[in-house]
Amino acid sequence: MYFDELDLSDDILDALDEMQFSTCTPIQEQSIPYVLDGRDLIAVAQTGTGKTAAYLLPVIDRLYRLPQPEDSVNCIVMAPTRELAQQIDRQMEGFAYYLPLTSIAIYGGTDGRTFGEQERALKKGADVVIATPGRLLAHMQMGYVDLSKVKYFILDEADRMLDMGFYDDIMQIATKLPEERQTLMFSATMPPRIQQLAKAILNNPAEVKIAVSRPTEKIDQSAFVCYDPQKLGLLTHLFKNVASNRVIVFASSKLNVKEVTRALRRQGVKAAEIHSDLDQQQRDDVMLAFRANRIDVLVATDILARGIDIDDIALVVNYDVPRESEEYVHRIGRTARAGAGGKAVTFISPREQSKFGTIEKFLGYEVRKEAVPEELGEAPQYNPEKKSRRPQGKRYNQSKGNRRKPANGSGKPNRNRHRPRNNSGQAPKNSAPKQ
């Protein structure tokens, strides 16, 4: 379906034309009519399928066509991270370029001056407020945020927000909103907690579920079956034989991210880490350096993986096997973007074999296994049907090879602006990320 087949205003269609968006993705085709009809909606589709446009386009259209209170907050979009809030804000700017709508992105990790700008914008009102839960609550607790006229409440990446512990924050914000509102929830997965949240805040919602797509054939997938102490050596092998820059390494914990980054730096690799222990300015600096090629290897946790929107990634490495099949698809989807090819490699330790077997069943095929180089020692056999015993031997310091005590049973290591739209003429090219 083409966007001009939907009942969207000509000004929105003009902006989409300038941005060279013509064809709807499945989530857009199925969701937009429900939103235009005023229905509450719960939509499940993986990241990268165009969910942002699926809610922004129809809500922008309704804000423009239907009478809205002036100098008030009319729509709230909740996002789990600053990076995603910024991405949504850029898309908002592009889609609404020809419309007299205002928007503001509200997130933490900023200085006092930016907080003051956010405060003034919230007092004055904005058609669309794009916010992380914690920062919006901080403003609300100051007593100057009026949410009594909000008509649209949108949760983007709802599952990720719950993973980050924002359930209570979301419910606290929801209690300050009018009962007569349209609520939209978008999520990559539908665990029981999401169903619980949907029951609490949605009213007779329509449901759209897009099956998780398989990875594009342009991604060359492979895996090494190995022991944990061999993983760092395998990284070095990949840097020598596959790619040494434009590389993202995903690890399952902040501890692993830190250890891998330190080990790579000792080898002279220009590596940087990104995880929730860094403050916002540090994360921004890392991403800027990576985009500018001052950093060759980015080591990241899944919590921030969805904020990484870079087209020319040559290699993605799963240092640890992801917990969910959908997360595997999302991680390796960081490469082979914008029509290019790419390579994705996963390291599978004995305790991770059953998880990777589940991923292969989801994919519908077995991922090619590569031989561990002889100099790294003997590798284990791949038997994903066999349940591993826990604890599994000794844990090793992966950077030095020294033994240490087994881990505990838990497995857990102890420019914004309030921007009125203008009608200055030429619309921005590529003012929003690709769908």
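**Close-up views of helix packing and loops**

**View 1. Helix α2 passes α3 in a right-handed crossing.** A crossing is right-handed if the near helix is turned clockwise from the far one by less than a right angle, and left-handed if anticlockwise. The two helices pack at an angle of about 25°, and their axes are 9 Å apart. α2 and α3 are therefore roughly parallel to each other. From α2 (residues 26-36), the contact takes I27, Q28, S31, I32, V35 and L36. From α3, the contact takes K51, A53, A54, L57, P58, V59, D61 and R62. By class, the contact of α2 with α3 holds 9 nonpolar, 2 polar and 3 charged residues.

This is a predicted model, with pLDDT of at least 70 required for local features and 80 or more for side-chain atom pairs, while totals for chains, interfaces and linings use all residues. Residues are numbered from 1 along each chain as its sequence is written, and side-chain values use heavy atoms, leaving out hydrogens and water.

Terms used throughout: helices (H or I, at least four residues) and strands (E, at least two) are DSSP runs, numbered from the N terminus. Contact means heavy atoms within 4.5 Å. Axes are lines fitted to C-alpha atoms, for helices over the stretch in contact, with angles from 0 to 180 degrees between N-to-C directions. Angles under 35 degrees are roughly parallel, over 145 roughly antiparallel, 65 to 115 roughly perpendicular, and the rest oblique. Ala, Val, Leu, Ile, Met, Phe, Trp, Tyr, Cys and Pro are nonpolar; Asp, Glu, Lys and Arg are charged; the others, Gly among them, are polar.

**View 2. R62 lies in helix α3.** R62 counts as buried, at 17% relative accessibility. Buried means under 20% relative accessible area, exposed over 50%, and partly exposed in between (1.4 Å probe, protein chains only). Leaving aside residues up to four places away in sequence, R62 touches V35, L36, D37, G38, Q68, Y152 and Q182. R62 and Y152 are 90 residues apart in sequence, yet their C-alpha atoms are 9.8 Å apart in space.

**View 3. α3 also meets α4, in a right-handed crossing.** The contact draws on T52, A53, Y55, L56, L57 and I60 of α3 and on I88, Q91, M92 and F95 of α4. Its residues divide into 8 nonpolar, 2 polar and no charged. The axes of α3 (residues 51-65) and α4 (residues 82-95) come within 10 Å and cross at roughly 45°. α3 and α4 are therefore oblique to each other.

**View 4. The crossing of α6 and α8 is left-handed.** P133, G134, L136, L137 and M140 in α6 meet D169, Q172 and I173 in α8. This contact of α6 with α8 has 5 nonpolar, 2 polar and 1 charged residues. The axes come within 10 Å, and the crossing angle is roughly 45°. α6 and α8 are therefore oblique to each other.

**View 5. Helix α5 spans residues 112-124.** The helix has 13 residues and reaches 18 Å from first C-alpha to last. That is close to the 18 Å expected at 1.5 Å a residue; the expected span is 1.5 Å times one less than the number of residues. T114, G116, Q118, A121 and L122 of α5 are buried. The buried residues pack against β3 (102-106), β4 (128-131) and α6 (133-140). G125 follows α5, with a positive phi near 105°.

**View 6. Helix α14 (residues 353-363) has Q353, F356, G357, I359, E360, F362 and L363 buried.** Just after α14 comes G364, with a positive phi of about 90°.

**View 7. D71 is not a glycine, although its phi is positive, about 55°.** D71 sits in the loop between α3 and β2 (75-78). With a relative accessible area of 60%, D71 is exposed.

**View 8. E157, not a glycine, has a positive phi of about 55°.** E157 lies in the loop between β5 (152-155) and α7 (158-163). At 4% relative accessibility, E157 is buried.

**View 9. E180 is found in the loop between α8 (167-174) and β6 (182-187).** Relative accessibility is 70% for E180, which counts as exposed. E180 and V150 are 30 residues apart along the chain, and 8.9 Å separates their C-alpha atoms.
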